Amino acid sequence: MVISGATMKNEEKTELAGFLKTLPPVQFCCVYGSTLHPNNSDKSSMVDYILGVADPLKWHSENLKLNRSHYASWMVHLGGAKLVTKVADGIGVGVHFNPFVTWNDKMLKYGVVRMHDLVEDILNWQRFYISGRLQKPVRVLLDNLDVENLNATNLRAAIAAALLILPSKFNEEDLYSTICSLSYMGDLRMIFAEDKNKVKKIVQGQFNLFRSMYKPFIEEYEAKDVLRVSSFGGQQANFSQNCCLPATRSLVCSLPLLVRNKMGTGLGGLGDSGQVVREVVFSSREEAARSMQKAVRCTVMVSSLRQAVSGFVAAGGMNAGRYLANKVRKAWKSWT
């Protein structure tokens, strides 16, 4: 279990998985959102699902027969499943969301993504959308393709990116907060439509879940003498890291290939996979960190813009306006 780091009561898991019985078959499903935080008392918030499917066009075609009301009416009339899929792939980041779905006295939102795209994002941070979500605790309800173990590559890379940013000494909350903030770098929603304390609330509300997710990979970096860790037995561990250039190069090599290519400044050569790999040249740790942050920020900015436009088009003006209003309301409360 390397995604969720979470435990769930059987009856709770059964209840949440019950929603899948109303949909066409999926290959992967996880649930996330504020309602699942261990310390959260507000159960009126929306529950968020990510659904991985082999063929989104076929899946949406079947789902339209079962749950026509989940989709914006104009999309159903003008193009149905083909239009839904084209908007998700052509405008967005390959994920189609149906928000404000009511089921079993709960308000839900579910996103549908092609399994191939999900895997590519996990391994390469191609759009840093699903991969960013899976760097935070989620509750896995169904996993037919062993995505949880595949996600180990994503979690190792997240630690490497965070360590490049962090100073020589820091604590456990600093580490998880830096990891959590990666997928919000450059996110346009953070300017006006997200709680300014979002990262802090996520980490503090799910601290033990972050620990159970990342502890095995922290120990790996400790074994490589990149990271030194105090005991995990207390409330919060303290860390120190080797900031020399060899240690920095080791961290950069742990980043996804696409990120390293965006960081690269030298001439490229062919990697083991046959892809062109640009050499990453840097003279200091600070330079490597800035280059990595720029690469991630650009990816997130483009993805957040594309998904915002796609979401507005796909959900229809009324639902999109309602969803945005809820987001802005929460953001406003955090600033006042």
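Visitor: Which residues are exposed on the other side of H4?
Guide: In this predicted model, the residues exposed on that side of helix H4 are Lys 82, Lys 86 and Gly 90.

Visitor: And which residues in H4 are buried?
Guide: Gly 80, Ala 81, Val 84, Thr 85, Val 87 and Ala 88 are the buried ones in H4, and because they cover an arc of only 160° around the axis, they lie on the same side of the helix.

Visitor: Why would residues a few places apart point the same way?
Guide: An α-helix has 3.6 residues a turn, so residues three or four places apart point the same way.

Visitor: How many residues does H4 have, and how far does it reach?
Guide: Helix H4 runs over residues 80-91, which makes 12 residues, and from its first C-alpha to its last it reaches 16 Å, close to the 16 Å expected at 1.5 Å a residue.

Visitor: Switching to H5, what is buried there?
Guide: In helix H5, residues 115-124, the buried residues include Met 115, Leu 118 and Ile 122, and also Asp 117, Asp 121 and Asn 124.

Visitor: What follows H5?
Guide: Trp 125 follows H5, and its phi is positive, near 55°.

Visitor: Now H8 and H9, how do their axes cross?
Guide: The axes of H8 (residues 152-165) and H9 (residues 172-182) come within 9 Å and cross at roughly 110°, and the two helices are therefore roughly perpendicular to each other.

Visitor: Which residues meet there?
Guide: From H8, Ala 158, Ile 159, Ala 161, Ala 162, Leu 163 and Ile 165 meet Leu 175, Thr 178, Ile 179 and Leu 182 from H9.

Visitor: Are those polar or nonpolar?
Guide: The residues of this contact between H8 and H9 divide into 9 nonpolar and 1 polar, with no charged residue.

Methods. Residues are numbered from 1 along each chain as its sequence is written. This is a predicted model: local features need pLDDT of at least 70, side-chain atom pairs count only at pLDDT 80 or more; totals for chains, interfaces and linings use all residues. Side-chain values use heavy atoms; hydrogens and water are left out. Axes are lines fitted to C-alpha atoms, for helices over the stretch in contact, and angles run from 0 to 180 degrees between N-to-C directions. Helices (H or I, at least four residues) and strands (E, at least two) are DSSP runs, numbered from the N terminus. Angles under 35 degrees count as roughly parallel, over 145 as roughly antiparallel, 65 to 115 as roughly perpendicular and the rest as oblique. Contact means heavy atoms within 4.5 Å. Ala, Val, Leu, Ile, Met, Phe, Trp, Tyr, Cys and Pro count as nonpolar, Asp, Glu, Lys and Arg as charged, and the others, Gly among them, as polar. The expected span of a helix is 1.5 Å times one less than its number of residues. Buried means under 20% relative accessible area, exposed over 50%, partly exposed in between (1.4 Å probe, protein chains only). The arc is that of the directions from the helix axis to the C-beta atoms.
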